[in-house]
Amino acid sequence: MKKIARTCALFALTTPLMHAANAQSSVTIFGTVDGGVRYLSNAAANGGSKLYMGSNGWNSSNKIDIAGKEELGAGLEAHFLLENGFNLATGAFDNTTNTLFQRQSFVGLKGNWGALDMGRQYTISHDFISDYDPFHFNYTSLIPLTQASSGTRFSNDVKYTGEFGAFKFELENAFGEVAGSTNDGAARGVGLQYYGGDLTLGASYNRRSVLVGSTYRNEDYYLAGAAYKLGKLAVSGGYMIDTLDLASTAPNTVARNIFGGASYAFTHQWKLTGGFYRTTSSTDRARGKDMTIVGLDYMLSKRTKLYTEVDYTKYHNAVVSTLNTAGAARQVGMTLGINHRF
């Protein structure tokens, strides 16, 4: 009887605490569903055009996020994020490895000192470039900034983010997990961002070790950018350089990206955005491309919008690629779609 009484008393004392803890924790499901139809000229060897659906999303990627957080007291928070990407037309994963949470999957702690997260996450250059890209990293399958942001994501990544007044500082290390080496397959990065009212300035640096043939080589990414907002008008741009060190086997490969543009919100429903993106290679200065893109958004609600865009790309010494499968010298594209956030 005494044991039963003690157990009941303990349960009575701890139950309110359990309820309080549960009240301070939450799990939410959100994401984006984007479907569109795209026209592309010079998509075939005979110069024929192509009309097709962007099953992975054109304006933004299709994804489902599961996020959770718990208040631990004294200003400390535990949180996690699991992000899955999917193909709208087929319902399949939007990656060839059948990875469930290939977009992001991390857990971390956040306090007055900043945040520390561990898992698969966006690179620092990706975090910063979204502020400098006129489209804020939309139309990622068209605009040539995804791979330029040091591969977009790092697996096995530990990232620190701290905010100190108007400054944001980020530091990361992704483990290569190659036996006998702490550098092979690893990646590291650092970045500093300044938010001064309507002005944003920043720069970042990432280095990752990539396997080239049978040898790991260092690849360096530099990014610098700025953005300024003046009422309904916003202008932004940046410069990125990617250098792959091939040592004595061949000349280093260097790719440069210069981009910029502006957006104007006519009303809370209508927004027009334009951008220019130039990609060049120092190993073959005749090779590269210039892309001009103009997009128009119409907000049906806070979560749903209709969008359309027109883009023109001129290739210098054109080669076959995923976007230019015919190796055409010029291409014109047009996209019309609907984007819903939930």
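## Close-up views of a predicted model

**View 1. Y194 and F167 make a tilted ring pair.** Y194 has a relative accessible area of 29%, so it counts as partly exposed (buried is under 20%, exposed over 50%, partly exposed in between, with a 1.4 Å probe and protein chains only). F167 is partly exposed too, at 39% relative accessibility. This is a predicted model, in which local features need pLDDT of at least 70 and side-chain atom pairs count only at pLDDT 80 or more, while totals for chains, interfaces and linings use all residues. Residues are numbered from 1 along each chain as its sequence is written, and side-chain values use heavy atoms, leaving out hydrogens and water. There are nine aromatic pairs in total (Phe, Tyr or six-membered Trp rings with centres within 6.5 Å; planes under 30 degrees apart are stacked, over 60 edge-to-face, the rest tilted). In this one, the ring centres of F167 and Y194 are 5.2 Å apart and the planes meet at 50°, so it's tilted. It links distant parts of the chain, 27 residues apart: F167 is in strand β8 (residues 167-174) and Y194 in strand β9 (residues 187-196). Strands (E, at least two residues) and helices (H or I, at least four) are DSSP runs, numbered from the N terminus.

**View 2. F259 and Y277 stack.** Their centres are 6.2 Å apart, with 15° between the planes. F259 belongs to β13 (residues 253-265) and Y277 to β14 (residues 270-281), so the pair ties together parts 18 residues apart in sequence. Both F259 and Y277 are buried.

View 3. Strands β15 (residues 288-299) and β16 (residues 304-316) pair antiparallel over twelve bridges (pairing takes at least two DSSP bridges), and a four-residue hairpin joins them.

View 4. Leaving out residues up to four places away in sequence, S209 touches several residues, including N183, D184, Y216 and R217 (contact means heavy atoms within 4.5 Å).

**View 5. Helix α2 (residues 124-132) is largely enclosed by the rest of the structure.** That's because seven of its nine residues are buried, among them I124, F128 and Y132.
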